[in-house]
Amino acid sequence: MKRVETPFQIVVFGASGDLANRKLIPALYHLATEQLLPEGFVLLGFSRTDYGDEDFRTLILDGLREHMKDEHNGKDFDETQAAAFVRNCFYQQGNYDSKESFEALKTRITELDAEHNTQGNHLFYLATPPNVFQPITTLLHEMGLENSQAGGWTRIIIEKPFGRDLHSAQQLNNHLLKLFSEDQIYRIDHYLGKETVQNILVFRFGNGIFEPIWNRNYIDHVQITVAEKLGVGDRGGYYDQAGAIRDMVQNHVMQLVALTAMEPPVAFDAKAVRDQKVNVMQSIRPLDAAGVRKSVVRAQYAAGTVNGKPMPGYLQTKGIAKDSTTDTFVAWKMEIDNWRWNGVPFYLRTGKAMQTKVSQIDIIFRKPPLLLFENLYDQVNLPSNVLTMRIQPDESICLSFDAKRPGPAIAVDPVQMNFSYASSFGRESADAYERLLLDALLGDGTLFIRRDEIEVAWDRVTRILDGWHKAEETAQKAGEPLKLPQYPADSWGPTEADELLRRDGKYWRNEAPKGQ
């Protein structure tokens with residue numbers, strides 16, 4: 001990875017929270033120990049918690065020890081390196097909506113710039129709840145911190161959720177663009193920092209054997225699965241206001257669709273890549289209420305047993321209303337109306353409390369026009385050639401094809417060619433936040449989300465939300481409150497999702513079964 005040469009100061013809002021402690025600060029520590037950051041960098045934490053510099057440094061060290069133990073079995077943690085790292089870490093206590101707090105913050109930023117010769121380069125990271133995005137950015141602007149007084153660069157990273165529908169996303173975009181320019185705003189989706197997600201572009205456009213067949217002439221359909229094994233846990237209050245479609249589909253899943261389906265960019269730079277992502281997302285067929293009923297399934301998980309322990313159903317979870325219609329599972333038959341993909345359905349699904357934790361893309365190719373060996377197959381599920389790109393866990397790419405079994409008779413078996421990141425490169429992939437933080441510090445927005453990109457994604461998802469709202473209104477008028485389909489915890493989802501594919505003569509590929 002490219003090294004950051006210029007000194008800088010990163011200000012993390014929400015620095016005492018879980019995201020900063022578990023992801024952001026360990027990512028910055030890794031970058032520092034890999035010598036990808038200059039010696040002249042400063043981390044300034046800001047939050048409401050009443051800490052001083054030393055309290056914050058203790059919090060960081062404890063978090064690093066825990067993070068390394070959990071993620072790397074203690075192999076990457078070094079007390080000497082960690083002690084050197086925290087010497088560059090400082091803390092400012094304050095409230096997110098207080099002018100006095102931001103006046104003190106500006107003074108502290110100026111002092112640290114002078115002490116560490118940061119050249120006025122500032123990265124502001126909002127690792128906070130979305131309800132304080134506007135107060136923080138407004139006060140940064142009022143303090144004159146939207147542009148560096150010393151002539152350096154200023155950038156701001158906004159965490160998800162970025163709005164909860166099209167209207168709120170547009171409002172937030174309009175607010176931010178009154179204060180910052182588009183090239184200063186980095187809307188983050190950590191999925192785009194994962195190695196396998198980035199490798200989709202390399203795989204598609206860097207290999208001459210795959211690009212010519214990546215279209216409706218050779219591909220039968222595409223499946224994208226983002227499954228989580230755990231339920232909502234103690235996040236019920238938050239989750240019941242979001243659901244799977246807001247929490248996963250609008251951002252992670254839509255980004256996987258865009259990278260899988262986009263046209264080749266004219267160059268591998270931020271503008272060219274994002275232009276093509278927007279183009280394909282605009283080609284996603286918008287759904288009306290009837291289309292939502294036909295092409296989208298939503299459901300909630302019921303009680304079950306996960307890892308040998310009982311899990312209560314979603315409606316029995318603390319913080320969840322007994323009549324909640326929030327989705328914990330969504331399946332969507334998506335159609336892309338352009339030259340490349342016309343007639344090739346994209347089947348998307350994501351859910352909580354599913355049988356395993358997995359994120360993968362399955363490209364199912366068309367069968368040969370004449371099946372010479374069809375009498376040798378199970379007639380119910382004649383195999384197809386399938387390309388599986390596994391994003392997590394066990395990042396890998398697998399291609400299935402048919403081969404003759406050794407012996408005098410003609411017997412055909414499906415076999416696989418497997419590529420594994422861990423075995424091929426001999427090291428774990430870098431954490432997604434490491435790559436994204438580094439790119440933001442370098443001013444590379446390729447893996448971040450542009451305004452038009454986020455708004456067209458919200459447009460398509462908001463149409464589904466509107467369709468669901470109409471269904472609920474209709475049920476209430478009929479005096480029959482809407483109840484969502486249920487699926488047992490530790491399963492692959494509701495039968496309605498299976499039927500969505502069965503109508504088209506297809507079936508879900510549940511974690512790429514052996515033999516494809």
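Helices (H or I, at least four residues) and strands (E, at least two) are DSSP runs, numbered from the N terminus. This is a predicted model, in which local features need pLDDT of at least 70, side-chain atom pairs count only at pLDDT 80 or more, and totals for chains, interfaces and linings use all residues. Residues are numbered from 1 along each chain as its sequence is written, and side-chain values use heavy atoms, with hydrogens and water left out.

**View A. An open parallel sheet of 6 strands.** Welcome to the sheet, whose strands follow the order β3-β2-β1-β4-β5-β6; two strands pair if DSSP finds at least two bridges between them. The edges belong to β3 (89-93) and β6 (185-187), each with a single partner strand, so one side of each has no neighbour in the sheet. On average, neighbouring strands are turned by 20 degrees against each other, direction ignored. Axes here are lines fitted to C-alpha atoms, for helices over the stretch in contact, and angles run from 0 to 180 degrees between N-to-C directions.

**View B. Strands β4 and β5 side by side.** Residues 122-126 (β4) and 154-158 (β5) pair in the parallel sense over 5 bridges. Look for Leu123, whose bridge partner in β5 is Arg155.

**View C. Helix α1 on the sheet and against α13.** Helix α1 (residues 18-33) lies across β1 (8-13), β2 (41-47) and β4, and runs at about 175 degrees to β2. With helix α13 (residues 432-442), α1 packs at an angle of about 65 degrees, the axes being 8 Å apart. That angle makes α1 roughly perpendicular to α13 (under 35 degrees counts as roughly parallel, over 145 as roughly antiparallel, 65 to 115 as roughly perpendicular and the rest as oblique). The contact (heavy atoms within 4.5 Å) brings Leu19, Lys23, Leu24, Ala27, Leu28, His30 and Leu31 of α1 to Tyr433, Glu434, Leu437 and Leu438 of α13. These residues divide into 8 nonpolar, 1 polar and 2 charged; Ala, Val, Leu, Ile, Met, Phe, Trp, Tyr, Cys and Pro count as nonpolar, Asp, Glu, Lys and Arg as charged, and the others, Gly among them, as polar.

**View D. Helix α6 beside α14.** The axes of α6 (residues 166-179) and α14 (residues 451-477) come within 8 Å and cross at roughly 165 degrees. This makes the two helices roughly antiparallel. On the α6 side you will find Leu166, Ala169, Gln170, Asn173, Asn174 and Leu177, which meet Arg451, Ile454, Glu455, Trp458, Asp459 and Thr462 of α14. By class, the contact has 5 nonpolar, 4 polar and 3 charged residues.

**View E. Gly236 in helix α8.** Gly236 belongs to α8 (residues 236-239) and, at 0% relative accessibility, counts as buried (buried means under 20% relative accessible area, exposed over 50%, partly exposed in between, with a 1.4 Å probe and protein chains only). Leaving aside neighbours within four places in sequence, Gly236 is in contact with Lys318, Gly319 and Ile320. Although Lys318 is 82 residues away along the chain, its C-alpha atom is separated from that of Gly236 by 6.4 Å.

View F. Most residues other than glycine have a negative phi, and most peptide bonds are trans. Another cis bond joins Gln392 and Pro393, with omega about -15 degrees.
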